[in-house]
Amino acid sequence: MTTRELDKEYVASTYKRFDLEIVSGKGALVKDENGKEYIDMGAGIAVNTFGMADDGWVEAVTAQLCKFQHTSNLYYTEPCARLAEALCTRTGMKKVFFGNSGAEANECAIKAAREYGITKKGEEYYNIITLKNSFHGRTLATLAATGQDVFHEHFCPMPEGFLYATANDCAELEKLVEENKVCAIMFELVQGEGGVNALEAEYVAKIAELCEKHDLLMVDDEVQCGNGRTGELYAYMNFGITPDIVTTAKGLGAGLPIGATMFGEKAADIYKPGLHGSTFGGNPVCAAGALHTLSRLTPELLAEVKAKSEYIRKALSDAPGIKSVSGMGLMLGIETEKPAGEVVAQAMEKGALLLTAKTKVRLLPPLTIGYGELEKAVNIIKEVCKI
Ligand code: PLP
């Protein structure tokens, strides 16, 4: 049987796949089974920070793999400790919990927020405000946190304790905080799955103000927009705020599964031994990969991310068939005259792999993509967007 046939027969049918099997790759280029090459403008949905099989990352990961692969969290391991140190040093956060995915990082944040509210203010203070159109994961609690009914439909009853605010409506947010028993506000600074929309600076400032005033935890979900994607190490650094909890995953591991929940001063001591855990969390191989990722996210690379973003925006903004470009850094959403799915399918034919987010075409290329590759991809996008 072919890979496609085996997959259709034996893999649970949760994904609608493109008619494409990837068999190899290097940097921003991937090849299918017939040797056809594609420019990868999706990077495994913001995961492959340096593209495919990056030499430095492969070396860091294999060096650890050859030493030992796993110990359990009963023992100290250097990659895990050093990664926590690097994250705290680069962000000013105080402690880190490691899991394996974005959803797990957010579960950890949700539990921490509830523990904070309940211990500090009383047992009814378990409500978390999240935003409409958000996406926080596929576990039951993170689905409930996700402010989109369509994700809740098949799995009710949802865990309770989530209130949904309209992004960028400051007055509504203030009312929600004042009229409910709330422990945290949780948000994506750039909503990824929701259509690549950055929050307005004024709204972000309002979140910070309300968290301060009402002693709420500010929980910043940077699973997709973190790790250099917006041109700053973490997206909150573009907004002049200091969240109490930052969650991340995807690009941190650059291709291996790791999630991190970072706790600032206010949240650093919420967890005590036994309250939370994860068998694979802080796995030494994944941690070694993540440590390498952080070491490469230098001011120079971050400046390049911003420059490449400008390049794409400039090339696409007034192109025929393109209505608008949203997002930040190398996390961009393109509103097209044609349906986004059609654009993505036609671009694949021509050798560029794009993504969608709601009704938009979404770009999340490796941060190290070259200008030659970007130019080719942008030309393909322009060509297929023309009506
Ligand atoms: N949070 C955000 C903002 C995301 O974009 C995603 C995934 O797309 C998640 C959480 C869930 O991450 P994971 O699929 O690693 O569980």
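**Contacts and cores**

Tutor: This is a predicted model. Let us begin with Leu 87, which is in contact with Val 96, Phe 98, Tyr 234, Leu 252, Ala 260, Met 262 and Leu 294, once neighbours within four places in sequence are left aside.

Student: Which residues have the most contacts inside the largest nonpolar core?
Tutor: They are Leu 87, Ile 185, Leu 354 and Leu 363, in a core of 91 residues. Helix H13, residues 371-385, gives the largest share of this core, with seven residues.

Student: And what does the second, separate core include?
Tutor: That core has 25 residues, among them Cys 108, Ala 112, Met 158 and Met 186. In soluble globular proteins, nonpolar side chains tend to be buried together.

Student: Let us step back. How many helices and strands does the protein chain have?
Tutor: The protein chain has 13 helices and 17 strands. Its radius of gyration is 21 Å, close to the 21 Å that the globule rule gives for 387 residues, so the chain is as compact as a globular protein of that length. The C-alpha trace spans about 60 × 50 × 45 Å along its principal axes.

Student: What percentage of the residues is buried?
Tutor: Buried residues account for 52% of the 387 in the protein chain. The chain exposes about 17,600 Å², and 54% of that area is supplied by carbon and sulfur atoms.

Student: What about contacts between residues at least 6 apart in sequence?
Tutor: Of those contacts, 72% join residues at least 24 apart.

Student: A change of topic: how many positive and negative side chains are there?
Tutor: There are 40 positive and 52 negative side chains, and the centres of the two sets lie 2 Å apart.

Student: Now some backbone details. Which peptide bond is cis?
Tutor: The bond from Cys 156 to Pro 157 is cis, with omega near 5°. Pro 157 belongs to the loop between helix H7 (149-152) and strand E6 (162-165).

Student: What is the phi of Asp 215?
Tutor: Phi of Asp 215 is near 50°, a positive value in a residue other than glycine. Asp 215 sits in the loop between helix H9 (201-214) and strand E10 (217-221). Its relative accessibility is 23%, so Asp 215 counts as partly exposed.

Student: And Lys 358, where is that found?
Tutor: Lys 358 is in the loop between strand E16 (355-357) and strand E17 (360-363). Lys 358 also has a positive phi, of about 50°, although it is not a glycine. With a relative accessible area of 45%, Lys 358 is partly exposed.

Student: Next, Gly 251: buried or exposed?
Tutor: Gly 251 is buried, because its relative accessible area is 5%, under the 20% cut-off. The loop between strand E11 (245-248) and strand E12 (259-263) holds Gly 251.

Student: What does Gly 251 touch?
Tutor: Not counting residues up to four places away in sequence, Gly 251 touches Ala 46, Val 47, Thr 49, Asn 227 and Thr 293. Gly 251 and Thr 359 are 108 residues apart in sequence, and their C-alpha atoms are 24 Å apart in space.

Student: Lastly, where is Thr 71 found?
Tutor: Thr 71 lies in the loop between helix H3 (55-67) and helix H4 (78-91). Its relative accessible area is 26%, so Thr 71 is partly exposed. From Thr 71 to Ile 207 there are 136 residues in sequence and 40 Å in space, C-alpha to C-alpha.

Definitions and conventions
Residues are numbered from 1 along each chain as its sequence is written. This is a predicted model: local features need pLDDT of at least 70, side-chain atom pairs count only at pLDDT 80 or more; totals for chains, interfaces and linings use all residues. Side-chain values use heavy atoms; hydrogens and water are left out. Helices (H or I, at least four residues) and strands (E, at least two) are DSSP runs, numbered from the N terminus. The radius of gyration is taken over C-alpha atoms; the globule rule is 2.2 Å times the number of residues to the power 0.38. Buried means under 20% relative accessible area, exposed over 50%, partly exposed in between (1.4 Å probe, protein chains only). Contact means heavy atoms within 4.5 Å. Accessible areas come from the Shrake-Rupley method with a 1.4 Å probe; for residues, only the protein chains shown count as cover. Lys and Arg count as positive and Asp and Glu as negative; His and the chain ends are not counted. The place of a charge is taken as NZ of Lys, CZ of Arg, CG of Asp or CD of Glu. A nonpolar core is a set of buried Ala, Val, Leu, Ile, Met, Phe, Trp, Tyr and Cys residues joined through side-chain atoms within 4.5 Å.
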